[in-house]
Amino acid sequence: MTDFTSKKALVIGGSRGIGAAIVRRFTGDGAQVAFTYAGSHDAAQALAADTGATPIQSDAADRQAVIDVVAAQGPLDILIVNAGALVMGDALTLEADAVDRMIDINVRAPYHAAVEAVRLMPDGGRIIVVGSVNGDRMPFAGGAAYALTKSALQGMARGLARDFGARGITVNIIQPGPTDTDMNPSNGPMAETMHGFMAIKRHATGQEIAGLAAYLAGPEAGIVTGAMHTIDGGFGA
Ligand code: NDP
């Protein structure tokens, strides 16, 4: 448990998977939480009813919508950008629009959300973006565009940490390995192959990722910034 009483948090992409686990963890720890989602209306409503968090329908692929939703929250103590899109495919045939959409959701949204949040964020605030171990290691064919988006976050975090450090605002990337969600089910067709790359041969749970987010948002992590936090069962080791 981390005490987030009196803290206000926004999770971009919180209706399902890792984002929903983060919403559950932070509301459970006392934060006032709002979260966005794109299409999963029923899941968002159920999570809101369970946790008391506020659901907001807003497409992370729409730059202005991202900026507006962050600005509308007013001063945020914690911003977590979790929304992500994954489209795998042969680089020679992967649709250019699918690549652009991944870049919009996985790279543009975190950048603009972070910058917008910092305008009103109090000193000592926290920005956390969910990247991927694929930012460091892409051991399969067909993942170049996704890996591109996740490694871009590394440069962003290093740079924004410098921009906002004087105010004690930290900027960190969580880099999960295989994690049991709709995007990557632990019983999916790729599971065994992925476990083959891991020292601990199982998918992580959303709660395990949410625990790292809680540490990075909590009082013990005030000096942790501009850093990548890999939580991957040794996938990248
Ligand atoms: P899921 O597909 O299970 O859930 C994605 C969440 O993001 C949903 O709540 C979804 O909302 C939201 N989201 C997606 N696109 C948009 C959008 N355009 N606008 C607003 N919200 C959006 O994914 P995971 O939980 O598995 O992944 C979460 C993050 O973790 C991603 O950034 C992913 O790249 C990363 N990651 C995941 C790994 C894994 O193995 N699962 C491994 C490494 C990284 P809705 O359903 O309403 O669209």
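Reader: Where does the ligand sit?

Author: This is a predicted model, in which local features need pLDDT of at least 70 and side-chain atom pairs count only at pLDDT 80 or more, while totals for chains, interfaces and linings use all residues. Residues are numbered from 1 along each chain as its sequence is written, and side-chain values use heavy atoms, with hydrogens and water left out. A pocket is an open set of points on a 1 Å grid over the protein atoms alone, where a 1.4 Å probe fits, with protein on both sides within 12 Å along at least five of seven lines. A molecule sits there if more than half of its atoms lie within 2 Å of the grid points, and the ligand sits in the largest pocket.

Reader: Which side chain has an N or O atom 2.4 Å from an oxygen atom of the ligand?

Author: A polar contact is a pair of N or O atoms within 3.5 Å. An oxygen atom of the ligand is 2.9 Å from a polar backbone atom of G39, and a nitrogen atom of the ligand is 2.8 Å from a polar backbone atom of A60. The side chain at 2.4 Å from a ligand oxygen belongs to S40.

Reader: Which residue meets R16 in a salt bridge?

Author: A salt bridge is a side-chain nitrogen of Lys or Arg within 4 Å of a carboxyl oxygen of Asp or Glu, and the whole structure has seven. For R16, the N to O distance is 2.8 Å, and the partner is D182.

Terms used:
Polar contact = N/O pair within 3.5 Å; in protein donor to acceptor, adjacent residues only side chain to side chain. 1 Å grid on protein atoms, 1.4 Å probe; cavity = no way out; pocket = protein on both sides within 12 Å on 5 of 7 lines; lining within 4 Å.
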